[in-house]
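Please read each numbered point with the sequence and the model at hand.

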Amino acid sequence: MMSQINEPKPTNALKESNSTQSVSNYFSDYWRRIKTGDLGSWPIFFGLMVIVIIFQTQNENYLTPRNFVNLFVQMAGITVIAIGVVYVLLLGEIDLSIGYVSAVAAVFMTLRLRPPNSWYWIAAIIAALGVVALIGILQGTIITKFRLPSFIVTLAGFLVWNGVVLIMIGSGGTVIVQDEIVIGIANYFLPTMLGWFLAIALVVLYAVNRLLGWRGRKQRGVSKTPLAIVIAQIVIVALIVGFVTYIANQDRGIPFVVVLLLVLLVGFTFLAERTRFGRYVYAIGGSAEAARRAGINVDRIKIYVFMISSIMAGMGGIVLASRLRSVDTSAGGGNLMLNSIAAAVIGGTSLFGGRGRVISAFIGALVIASVENGMGLLGLSSGVKFVITGLVLLLAVLVDAITRRGRSQSGTA
Amino acid sequence: MSESPLLELKGVSKAFGAVQALYQVDFAVEAGEIMALVGDNGAGKSTMIKGIAGIYPFDEGEIYFDGDLVEIHGPRDAAKLGVEIVYQDLALADNLDVVANMFLGREQINRPFRLDELHMEQAAIETLESLSVMTLRSVRQPVAELSGGQRQAVAVAKAVMWNSKVVILDEPTAALGVAQTRQVLDLVKRLRDKGLAVVVISHNLHDIFDIADRITVLRLGQRVSVLQAAESSQQEVVHAITAGQLDEVPGMVQ
């Protein structure tokens, strides 16, 4: 066959890829991806290193256990909201209403907790999340049924829910959260032993999951990562978890919000990458037409995603209210919405749909919180803070654009 | 041809407003044959396959599948009969890998909610190997990384994976280079050898004479001739496409 002479791999390449990859193959494959511009999370990793070095040289309080724990508490709200943003961005849509939707949930819950007719805490939280879920369904339905741009519909939502927050709070100004458990969401720290117990349980679960997955793939004879790499990854995860637990236990212990974040990140990663629903979200973001022809109900998936976006915004709002122990008329305002979207983008989720992972919400929020936290320690004015945060966002998008150009030149965009 | 054709259209018509896109067209394809569908732009080729696919209904006429009168009201009906269509733009999601694209909309799950990736990957590899598609580096590559010929192969493999009996290919070689065209044409021949009924729409007469058993020529929404590829010349086909005898022109007073 003359045609096969021109092909780079005329042999049975599929069969080859099924057999166990050697470690050197794994790294040469990895190096090939790096060379073609698929840098993965390396830019973010180096960026974080630079941020840490800059702030530590400026202020010795930056790298302390106390500030380390503070950082997690500070980033929790944005991370939760950004998880929802990732889903919306994966579709290639946008949700500008998340800031004030988060405030609607927070204010609704806080008002329900107020005596004399205070609700039980879980009832107040579920009711608040139910309210914002309806908001998401409403916005998603308008966007899909009337074929309107999500930018415009959620911009209208941005104004409407801001107004609703002001109406709900009324002339009161500030409403205190009057429930110890709700306050504990962002202010409770796990006792030392419980922290270690959870850390070990987490590592064991991760290791078992990875090894069982590896064995399953080996038995079925489909492509898999070399065992040495899997073990190396498990060791790295164990070291990171152990390090974080150790440092946090030097101070007040692991914040409860970290456990909450872990559960949400794992759950929503599973939803995105292991279920039909998640597969459809990626497919719609990649090619809505292909999804439609495959018989996927594109409108219904979109409505669900806007519902998820609102629910996550609501959860994030509750975490923020818990941290501040109150809500006021400025709840959900400021740069909350922009920071949440920026977190997803800095973490590596594309604004154009189809590319990104749930973990990017955490990575991006970590970058933003690290910068804000450091600038706070240095006592910089809010003007300077905004300028620097903006430049960090620009830098992240630039790195993404440049590496994507590298990929398109090598034909792998 | 004692048995009835696998897929047969009898007297189908379709109008879009004042435009009569198809008029009283008969069409048939047998199992294990490649039927080329040719015609100039606007001859009604796309209208016909979209009608078969259930994208929109024919205004009149009947569809027979394996001798039985059937009704196709949507893409799902066509798929249920075993009729799969590979569109010219392929309808692949670039960001998803080969396996995800081949199973898009028909994902298999093993536990509640959980995709059975292992099983899907195995089935995808089996299908690709049965079609002798060997040039893929891995079925876990995103489709964006594939060449045009590889993408076409994935789209075809996606169509045949579901025990389909009729595969309709719309311009499968339109955007491909010489070597890749060769591969796709070989792939189409393998579909025939597996006993599928294959309908190929193409403007490239060279390709058609390479692979087709019979050629149906449409002109201005009517079928002007059905030729045996082995017994006809390119000139005859070109003549039929450009000046084939129309039985009657609807609306024209003669």
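1. Helix H6 (residues 98–112) and helix H8 (residues 150–169) of chain A pack with their axes 8 Å apart, at an angle of about 20 degrees. Helices (H or I, at least four residues) and strands (E, at least two) are DSSP runs numbered from the N terminus. Axes are lines fitted to C-alpha atoms, for helices over the stretch in contact, and angles run from 0 to 180 degrees between N-to-C directions. H6(A) and H8(A) are therefore roughly parallel to each other; the term covers angles under 35 degrees, while over 145 counts as roughly antiparallel, 65 to 115 as roughly perpendicular and the rest as oblique.

2. This is a predicted model, in which local features need pLDDT of at least 70, side-chain atom pairs count only at pLDDT 80 or more, and totals for chains, interfaces and linings use all residues. Residues are numbered from 1 along each chain as its sequence is written, and chains are lettered from A and ligands numbered from 1 in the order in which they are written.

3. H6(A) passes H8(A) in a left-handed crossing (the near helix is turned anticlockwise from the far one by less than a right angle; clockwise would be right-handed). From H6(A), the contact includes Tyr100(A), Val104(A) and Phe108(A), and from H8(A) it includes Phe158(A), Trp161(A) and Asn162(A). Contact requires C-beta atoms, placed from the backbone, to lie within 7 Å. The contact of H6(A) with H8(A) comprises 13 nonpolar, 1 polar and no charged residues. Here Ala, Val, Leu, Ile, Met, Phe, Trp, Tyr, Cys and Pro count as nonpolar, Asp, Glu, Lys and Arg as charged, and the others, Gly among them, as polar.

4. Chain A is divided into domain 1 (42–51 + 58–188 + 275–409) and domain 2 (189–254), with bounds from an automatic or database domain assignment. The centres of the two domains, taken over C-alpha atoms, are separated by 27 Å. Their contact takes 5 residues from domain 1 of chain A and 6 residues from domain 2 of chain A.

5. The contact between the chains takes 34 residues from chain A and 34 residues from chain B. On the side of chain A that touches chain B, H13(A) gives the most, with 6 residues. That side divides into 10 nonpolar, 14 polar and 10 charged residues.

6. In chain B, an open sheet of 4 strands has the order E2-E1-E4-E5, with antiparallel pairing; strands pair if DSSP finds at least two bridges between them. Strands E2 (19–29) and E5 (68–70) of chain B stand at the edges, each with a single partner strand, so one side of each has no neighbour in the sheet. The twist averages 30 degrees from one strand to the next.

7. Strands E9 (residues 214–219) and E10 (residues 222–228) of chain B pair in the antiparallel sense over 6 bridges. E9(B) and E10(B) form a hairpin with 2 residues between them, and Leu220(B) in the turn has a positive phi of about 50 degrees.

Note on methods. Contact = placed C-beta atoms within 7 Å.
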